[in-house]
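User: I've got a structure to get to know. Can you walk me through it, one question at a time?

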Amino acid sequence: MRTLVAGLVLILVGIAATEYARRHPPAEEKKPAAEATPKAPKAAEPPPSSQALLETSSEPPMAPIPADELATLVSSWAVAAPGKDALPVVMSGAFAVRELRAGPGFAVAAVEQDKRRALVRVAKGEPPKVLFARAEPITALALDGERLVWAEGGAVYSASTSGGEVRRLVALTKAQVLSVAVKGELVLAALTPKDADPFAADPNGVVAKVGDGKVTVVASEQVRPKDLLTDGTEAWWVAGYPSGLVRGALDGSFTARIVDRADGPLAFDADGLVYRAPNSHGSEIRHTARAGGSARTLAALDADGLAASDGDVWFTVTGIAPHLYLAKSGAEPGDVLGFKGSVRGLSAAGGTVALAVTDEAGVTSVRLK
């Protein structure tokens with residue numbers, strides 16, 4: 001009997017030991033894990049709707065038109081003698097101004113007449129000078145000192161205002177350039193598809209850095225981006241539906257809408273940005289810091305043209321009695337000049353102000369201060 005009990009006890013002890021071993025296996029010696037190779041963060045890629053805009057072409061650019069072919073036209077553009085106006089006329093004729101930008105002591109106008117197009121330099125006391133004659137329409141223009149940048153459809157070009165070689169920075173096969181901005185060697189372009197509906201609210205636009213045949217995205221999924229500005233460290237533009245003021249980092253790390261409702265044109269003033277803001281009467285001129293925040297009204301007038309330089313804000317009001325106004329810091333806007341016709345361009349830089357107006361007879365006058 002004792003032998004039987006002892007045998008049962010041994011069997012039970014063996015089962016218990018086996019079960020314990022099954023439930024508590026011996027810990028294996030842990031092998032040191034191989035050091036993980038750090039992976040670089042993957043750059044965010046634009047969505048397919050924007051990716052197509054980045055396709056570039058390596059085909060050689062179209063040969064430019066010799067500037068002397070426009071000599072007859074240029075000679076017909078009368079240069080008025082300096083008068084008593086605040087902005088005397090420096091060039092006048094039956095041409096159209098598509099873009100106008102002021103530089104230090106001069107201005108450059110993109111003009112068109114009889115299907116011939118050119119970039120023309122004007123200055124007080126000098127005859128108009130054709131810098132470059134072009135075969136394609138000029139759709140955007142920017143100027144930084146002596147460096148001139150412009151767009152022809154989907155191509156962006158650069159040259160000096162003293163003449164010389166024209167360099168094509170990029171040619172885009174599926175995009176059109178709505179606006180360009182330049183600061184030193186930096187060139188930005190606002191892009192939308194070539195076949196885009198200009199009134200659609202599709203987020204298919206891109207703001208990009210361009211140069212050497214390459215495109216680097218600053219911001220994608222933009223609705224009709226335009227009116228580009230840059231100070232060389234950040235960029236600002238108008239985009240959206242309804243349109244607002246957008247700020248973006250040049251490396252694409254952030255994009256922020258800093259003003260809910262804003263229309264172009266935009267301009268830098270001494271310590272911020274000025275822009276047109278819609279109101280119940282049409283629009284007004286407002287100011288905000290470059291980082292955004294509170295805005296203040298500079299002029300409660302329905303303006304169209306807008307420019308700023310050295311802390312002065314210039315704007316035009318059209319209608320029954322078109323006028324050019326100047327708003328200085330802390331002062332009410334002052335009436336500078338009355339004129340007849342429609343404003344085709346207003347720009348200011350380094351104390352120089354340029355204004356282009358076309359009258360009812362189709363004659364365009366470019367004025368310069």
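**Pockets, cores and charged pairs**

User: Which strands each supply at least two residues of the lining of the largest pocket?
Analyst: This is a predicted model, where local features need pLDDT of at least 70, side-chain atom pairs count only at pLDDT 80 or more, and totals for chains, interfaces and linings use all residues. Numbering runs from 1 along each chain as its sequence is written, and side-chain values use heavy atoms, with hydrogens and water left out. On a 1 Å grid over the protein atoms alone, a cavity is where a 1.4 Å probe fits but cannot get out, while a pocket is an open set with protein on both sides within 12 Å along at least five of seven lines, and lining residues have an atom within 4 Å of a point. The strands you want (DSSP runs of E, at least two residues; helices are H or I, at least four) are strand 2 (96–103), strand 6 (140–144), strand 10 (175–183), strand 14 (226–230), strand 18 (263–268), strand 22 (306–309) and strand 26 (342–349).

User: What is the volume of the largest pocket?
Analyst: Its lining counts 45 residues, with Arg101, Leu229, Pro265, Leu266 and Ser347 closest to the centre. Strand 26 gives the largest share of that lining, seven residues. The volume (space filled by probe spheres set on the grid points) is about 1300 Å³.

User: Which residues lie nearest the centre of the second largest pocket?
Analyst: That pocket holds about 310 Å³ of space. Strand 8 (155–160) and strand 9 (163–171) each put at least two residues into its lining. Out of 20 lining residues, the ones nearest the centre are Glu152, Ala155, Tyr157, Arg168 and Ala171.

User: Which residues of the largest nonpolar core touch the most other members?
Analyst: A nonpolar core is a set of buried Ala, Val, Leu, Ile, Met, Phe, Trp, Tyr and Cys residues joined through side-chain atoms within 4.5 Å. Buried means under 20% relative accessible area, exposed over 50%, and partly exposed in between (1.4 Å probe, protein chains only). Of the 22 residues in this core, the top ones are Trp77, Met91, Leu100, Val111, Val120 and Val366.

User: Where do lysine 174 and glutamate 55 lie, and how many residues apart in sequence are they?
Analyst: Their side chains meet in a salt bridge (side-chain nitrogen of Lys or Arg within 4 Å of a carboxyl oxygen of Asp or Glu), here at 3.5 Å, N to O. Lysine 174 sits in the loop between strand 9 and strand 10, and glutamate 55 in the loop between helix 2 (48–51) and helix 3, so the pair ties together parts whose separation in sequence is 119 residues.

User: Is arginine 367 buried or exposed?
Analyst: Arginine 367 makes a salt bridge with aspartate 85, with the closest N and O atoms 3.0 Å apart. The two come from distant parts of the chain: arginine 367 is in strand 28, aspartate 85 in the loop between helix 3 and strand 1, 282 residues apart. Aspartate 85 is partly exposed at 39%. Arginine 367, with 14% relative accessibility, counts as buried.

User: How many salt bridges does the structure hold?
Analyst: One of them joins aspartate 114 and arginine 116, with closest N and O atoms 3.9 Å apart. Arg98, Glu112 and Arg117 are linked in a network of them. The structure's count is 14.
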